[in-house]
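Here is a short briefing to read alongside the structure.

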Amino acid sequence: MYSRRNALAGIGAAVGAGIGTELGAFPALAGPLPSVRDMVRPPRLRNGDVLGLVAPAGFVADRFGLDEIGATVRAMGLKPRFAPHLTDRDGYLAGADEVRAHDLMTMFADDSVRAVMAVRGGWGTARLLPLLDFAAIRAKPKLFAGFSDNTALGLALARAGVMSIHGPTAATSWPAASWESFRQIAFEGAMPTYAVPVRDGTGLGGRGIGVKTFHGGKARGRLLGGNLAVLSALVGTPYLPDFDGAILFLEETNEAEYRIDRMLTQLALAGVLGKLAGVVFGQCTHCDNPDGGYSNFTVYEVLDRRFASLGIPAFQGLMIGHIAGQISVPQGAMAEIDADAGTLRLLEAAVA
């Protein structure tokens, strides 16, 4: 089975000759990082708008999957527009890097497409970053939505000063809670407050679930983050935004405790954690030593030891990540967290 963590080592930057002259290797993001005031908000979604569907990473298994995705998008009140090469396949990727990048830029350039959503995650989005024209995207921004491996594009967009949504992909099951969160953020431009759910201990194997506070207090800052493995793999590249004064939000799946520790240590050694105003760790799904090996610490202990020592508000438990009912988090928006109460309150809309 393909493992994302084994593939994170390589990022292809060569451009093939067969895609046409409209796509080339664009210069790496350069110049001063945009401040909070420089962030641009893409237009909000409206009923009847066209939603561009792309596969920046893993491939779509068959055309029946596309039928289901199309039905989901139409149920949102939107019109699906499939990228030209959406069903291509190159090993575990949805076509060659140049083809996937071309599909993305085509959707961003098409005036009839209102917003763009990934159909799924997997691995491969970071390979596209050198092939995308972020200046053109910022000049005429569109809302992009996706999570997991799509973290790479969300962070690169934030680096370019464009807000996006870390939330469900088109192939997600879209339970009511996920749809309501996405609708509020993408259609209404709402600024909801998200709270850690408190259960009575009768679900999830009888375990009581509530906020886990690593360090109490309140903090304000720009929301930046996503999947921990993908984020940590962007350290040292020109596509990682400035985390100075930011609120870092994280999620993960199928990673053992020692690997969570290793990735957080990398962020600490790179100086990312030392810049933060606060931390929100959502859900770590199937992270209880999934492949054997070290198991002396629980995931909670790993997080507690790392975040408590930062001395900034930090907590775990929001519905962010590889879970049913995940919320939509605006990448790059200002927010306030209360680590004691386990809440995240948006302070600005993600769309214009």
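A disulfide here is a pair of cysteine sulfur atoms within 2.5 Å. Keep in mind that this is a predicted model.

**The disulfide**
- Cys284 and Cys287 are the two partners, with an S to S distance of 2.3 Å.
- The link between Cys284 and Cys287 is left-handed, with -85° about the S-S bond.
- Are these two cysteines buried or exposed? Cys284 has a relative accessible area of 17% and therefore counts as buried, given that buried means under 20%. Cys287 is buried as well, at 1%.
- In general terms, a disulfide is a covalent bond between the sulfur atoms of two cysteines.

**The sheet as a whole**
- Eight strands make up an open sheet with mixed pairing, and their order is β6-β14-β13-β8-β9-β10-β11-β7.
- At the edges lie β6 (193-195) and β7 (212-215), each of which pairs on one side only.
- On average, neighbouring strands of this sheet are turned by 25° against each other, direction ignored.
- As background, strands of a sheet pair through backbone hydrogen bonds, either parallel or antiparallel.

**Strand β10 and its neighbours**
- Strand β10 covers residues 278-285, and seven of its eight residues are buried, so the strand is largely enclosed by the rest of the structure.
- On one side, β10 runs parallel to β9 (residues 247-253), and six bridges join the two. Within this pairing, Leu248 has Val279 of β10 as its bridge partner.
- Between β9 and β10 the chain passes through helix α8 (residues 257-269), giving a right-handed β-α-β crossover.
- β10 also pairs with β11, again in the parallel sense, over three bridges. Here Val280 stands opposite Phe315 in β11.

- In which sense do β7 and β11 pair, parallel or antiparallel? The pairing of β7 with β11 (residues 314-316) is antiparallel and spans three bridges.
- For a place to look, find His215, which stands opposite Ala314 in β11.

**A loop residue, Ala61**
- Ala61 sits in the loop between β1 (50-54) and α2 (63-75).
- With a relative accessible area of 68%, Ala61 is exposed.
- From C-alpha to C-alpha, Ala61 and Ala94 are 9.5 Å apart in space, while 33 residues separate them in sequence.

Notes
Residues numbered from 1 in each chain as written. Predicted model: local features only at pLDDT ≥ 70, side-chain atom pairs only at ≥ 80, totals over all residues. Heavy atoms only, no water. Pairing = 2+ DSSP bridges. Helix = DSSP H or I, 4+ residues; strand = E, 2+ residues; numbered from the N terminus. Axes fitted to C-alpha atoms, helices over the stretch in contact; angles between N-to-C directions. Buried < 20%, exposed > 50% of the residue type's maximum accessible area, 1.4 Å probe, protein only. Right-handed = clockwise from strand over helix to strand, strands pointing away.
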